[in-house]
Amino acid sequence: MPSHLVIVESPTKAKTIKRFLGKDFDVEASMGHVRDLPEGTLGVDTEDFSAKYVIPKEKATVVKKLQKSLDGANDLWIATDEDREGEAIGWHLVEILKRKKKQPVKRIVFHEITKEAIDAAVAHPRQIDEKLVDAQHARRILDRLVGYTLSPFLWKKVYRGLSAGRVQSVAVRIIVDRERAIKAFKAEEYWTIKADLLNEAAQPFSAELKQKDKKKYIPVSEAQATQVLADLKGASYSVQTLEEKEVKKTPPPPFTTSTLQQEAGRKLGFSVKQTMIVAQQLYEGVDLGKGEGSVGLITYMRTDSVNLSDKALADARATIQKHYGREYILSTPRRYKTKSKGAQEAHEAIRPSEIERVPESLLDVLDQQQLKLYTLIWERAIASQMAEAQLKRVGADIAAGIYTFRATGQTIAFDGYLRVYLEGRDEPESQQSAEEEEGSNVLPPLKEGEALDCKSLLPEQHFTKPPPRFTEASLVKKLEEEGIGRPSTYAPTISTIQQRGYIKKEGKQLIPEDIAFTVTDLLTEHFPDIVDPAFTARMEQSLDDIAEADLKSVTFLKGFYKPFAKLIKSKTEEVQKGDVLKDRVIGIDPETGLEVLARTGRFGPYIQLGRIEVPAGKKLKDTPKPKSASIPKSIGKDAITLAQALSLLAFPRMLGEKDGKTIEVHLGRFGPYIKWGEATSSLGKELDPALVTKEQAVAYLASAKERKTQAAEPLRTLGNDPITGAEISVKTGRYGPYVTDGKTNCSLPKRFTPEAVTLEEASDLLAKKRARGPGKRWGGWKKK
């Protein structure tokens with residue numbers, strides 16, 4: 001029987017660690033947190049700010065199993081993650097598990113799951129860090145105090161189901177403020193004039209108008225552009241000044257959590273949540289087969305450090321020399337300084353656990369998402385220790401009468417780290433920043449005073465662009481710049497504001513829903529601190545101070561909650577629901593003479609014909625509801641016109657009956673659909689909801705039913721999933737064969753066939769798919 005019990009968070013991590021520990025160690029998983037604040041009640045004493053932690057029902061079996069394992073062990077080893085969250089999980093385990101007398105507890109930490117790291121951790125155990133635990137408790141209690149007092153306020157003043165949070169409400173405000181800036185933006189006209197030129201050797205290049213009478217000049221109308229062309233008729237062109245300079249570009253540092261999330265969003269199209277799920281899989285371990293078993297492929301993925309260990313630096317140097325040559329290695333390692341205030345230099349940046357393990361060696365082991373992310377991490381880490389790129393930039397001012405044109409060019413003298421990695425970019429914040437980027441075209445040889453031949457002048461009209469909408473990547477960057485949240489909070493925050501209906505995602509853009517404006521305005525007016533980025537950043541710093549023992553958690557929580565609770569009480573009495581959800585009168589319906597109103601409800605904005613008037617002695621529930629219709633997301637509550645509203649109110653359209661059931665066309669929040677009795681089917685884009693006939697609707701319903709029937713018929717039934725208990729079957733769909741348990745679908749990789757895939761293989765595929773979420777196809781890693 002094993003004499004040591006080691007507890008980690010996940011079964012995958014347990015499986016990987018078990019390989020590196022001897023038979024004397026039993027490794028079990030806590031499946032995340034084993035205790036939390038109770039659901040439905042505050043769970044916090046607001047006098048001394050002690051918390052009432054409970055074991056959720058779904059964790060009772062896990063705790064019972066851990067207790068049984070501990071009963072047969074000599075000691076307990078806590079091997080949860082090396083951050084505040086992991087430290088708190090360990091503390092809770094120690095609190096709830098009953099230990100025998102003199103049964104010691106040892107805390108071990110590691111930032112990568114390799115044999116060397118695990119052996120070093122076991123050789124140097126420590127105690128639970130009470131300061132980190134205190135900081136995590138303070139964060140959890142603070143979030144509960146805000147959420148459980150402010151959310152009910154929103155339910156009373158707006159509608160039930162809404163939520164507010166210390167970080168999520170600031171994130172929503174940032175997106176709302178950007179959307180308002182976009183809507184308020186007034187596009188301004190401007191013109192560029194490009195000259196197509198030849199040097200004395202008849203080699204072509206182009207230059208753009210920059211100055212008039214030695215001052216910056218941008219034509220802002222067609223008339224001004226036309227005047228420039230007129231002034232330049234017959235003008236002589238010559239090289240006025242010529243500048244050449246050598247430029248060295250240094251690679252970006254290896255990844256932190258936030259920079260990984262940003263770059264995976266830009267380059268791979270990953271959501272922040274998706275990035276963290278896949279990174280966790282790579283960290284906890286992947287079965288490499290060939291006798292290697294399960295191996296952790298990257299270091300810990302929640303970090304704000306850009307530091308690399310001495311071993312990693314040495315391995316990077318050897319790998320660079322092997323794959324790219326001596327000219328790409330550094331004489332001394334490049335070390336980066338972490339800019340984040342709360343960063344811990346003892347931790348490392350995100351890097352491959354074994355840098356010599358090139359992505360190409362994992363082509364047959366990792367799935368598409370894992371390989372993409374591993375490749376990105378490997379390339380960034382390797383590039384950080386490669387030689388600088390050497391560029392040659394040339395700029396020439398071209399004189400033409402009273403005007404000056406500018407030609408720029410850039411060539412790469414030595415590619416250095418660019419051979420491996422080029423950092424992605426967000427959409428520029430302004431037109432000016434986009435235009436100031438250096439050109440990458442190559443200029444022919446020029447010399448000062450050289451006469452040039454102008455072959456043509458090309459005027460082009462432009463309009464200034466509004467600031468871009470936030471993407472998940474640029475929002476993470478903004479939150480980090482403002483000091484809002486920490487590496488562990490970016491992903492859940494961005495997921496929450498979408499799940500709560502405040503923000504929708506179209507492509508990569510984050511767009512606020514109407515309710516986001518309503519709630520942000522309400523909180524900004526009555527609880528300005530809660531949506532103030534600077535205030536939230538100060539609270540984050542206070543939590544960091546608690547982790548460093550520079551601040552007492554009770555002092556911090558009391559200082560926040562006492563005035564906050566008083567404000568909640570006064571605003572609950574002061575603010576009226578009617579003042580928050582103000583109806584917009586769009587106009588009068590010519591048929592009924594009733595007001596047509598744009599309103600906000602729990603399921604979004606909608607149109608209502610007339611107001612509800614409850615007769616004396618009657619109850620609201622007994623009063624007939626006015627006619628209403630959802631406002632399409634493409635229009636919005638503030639923009640909808642009377643004509644559009646009346647068109648929406650014309651629905652549902654009655655098309656007739658079939659088999660004693662009425663056929664109707666409805667407009668729902670997700671688009672038009674046909675309803676036949678209780679059955680519904682989305683209306684195809686080829687049919688106009690205002691013109692569709694009964695015959696078309698019947699034919700469409702029959703076709704939709706046939707498609708569903710065909711899709712529902714399995715090729716094979718494999719049996720019940722040993723993880724979920726659901727029946728797994730093999731089906732064929734639009735993109736080929738797939739396995740499904742009724743809730744999760746996973747396309748069959750090429751190495752499997754529908755006829756031969758086993759229950760165990762299908763269960764494993766579905767488990768991985770549930771963990772990582774939806775993804776996109778990708779072509780794989782290519783050698784440089």
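**Entry 1: R380**

I looked up R380 and found it in helix α11 (residues 368-383). Helices here are DSSP runs of H or I with at least four residues, strands are E runs of at least two, and both are numbered from the N terminus. The model is predicted: local features need pLDDT of at least 70, side-chain atom pairs count only at pLDDT 80 or more, and totals for chains, interfaces and linings use all residues. Residues are numbered from 1 along each chain as its sequence is written, and side-chain values use heavy atoms, with hydrogens and water left out.

Is R380 buried or exposed? R380 has a relative accessible area of 3%, so I noted it as buried. The classes are buried under 20%, exposed over 50% and partly exposed in between, with a 1.4 Å probe and protein chains only.

I then listed what R380 touches, leaving out residues up to four places away in sequence. The contacts are P252, P253, P254, F255, T259, E263, Y421 and E423. Contact means heavy atoms within 4.5 Å. With Y421 there is also a side-chain to side-chain polar contact at 3.1 Å. A polar contact is a pair of N or O atoms within 3.5 Å; within protein, one must be able to donate a hydrogen and the other to accept it, and residues adjacent in sequence count only if both atoms are side-chain atoms.

**Entry 2: Salt bridges**

I searched the whole structure and got 43 salt bridges. The criterion is a side-chain nitrogen of Lys or Arg within 4 Å of a carboxyl oxygen of Asp or Glu.

I picked out K65 and E28, whose side chains meet at 3.7 Å, N to O. K65 sits in helix α2 (residues 60-71) and E28 in strand β2 (residues 25-29), 37 residues apart, so I logged the pair as a link between distant parts of the chain. K65 is exposed at 51% relative accessibility, whereas E28 is buried at 14%.

Next came D521 and R180, with their closest N and O atoms 2.8 Å apart. D521 is in helix α15 (residues 514-526) and R180 in helix α6 (residues 168-184), so this bridge ties together parts 341 residues apart in sequence. D521 is partly exposed at 35%, and R180 is partly exposed at 34%.

D129 and K131 also pair, at 3.6 Å. D129 is partly exposed at 22%, as is K131 at 37%. I also found a salt-bridge network that links R139, D143, R166 and E540.

**Entry 3: Nonpolar cores**

How many residues does the largest nonpolar core have? I read 123, with F110, L150, L154 and L373 making the most contacts inside it. Helix α5 (residues 130-157) gives the most to this core, ten residues. A core is a set of buried Ala, Val, Leu, Ile, Met, Phe, Trp, Tyr and Cys residues joined through side-chain atoms within 4.5 Å.

Beyond four places in sequence, L150 touches A164, L523, F527, I530, F564 and I568. A second, separate core has 23 residues, including A207, Y237, A396 and I398.
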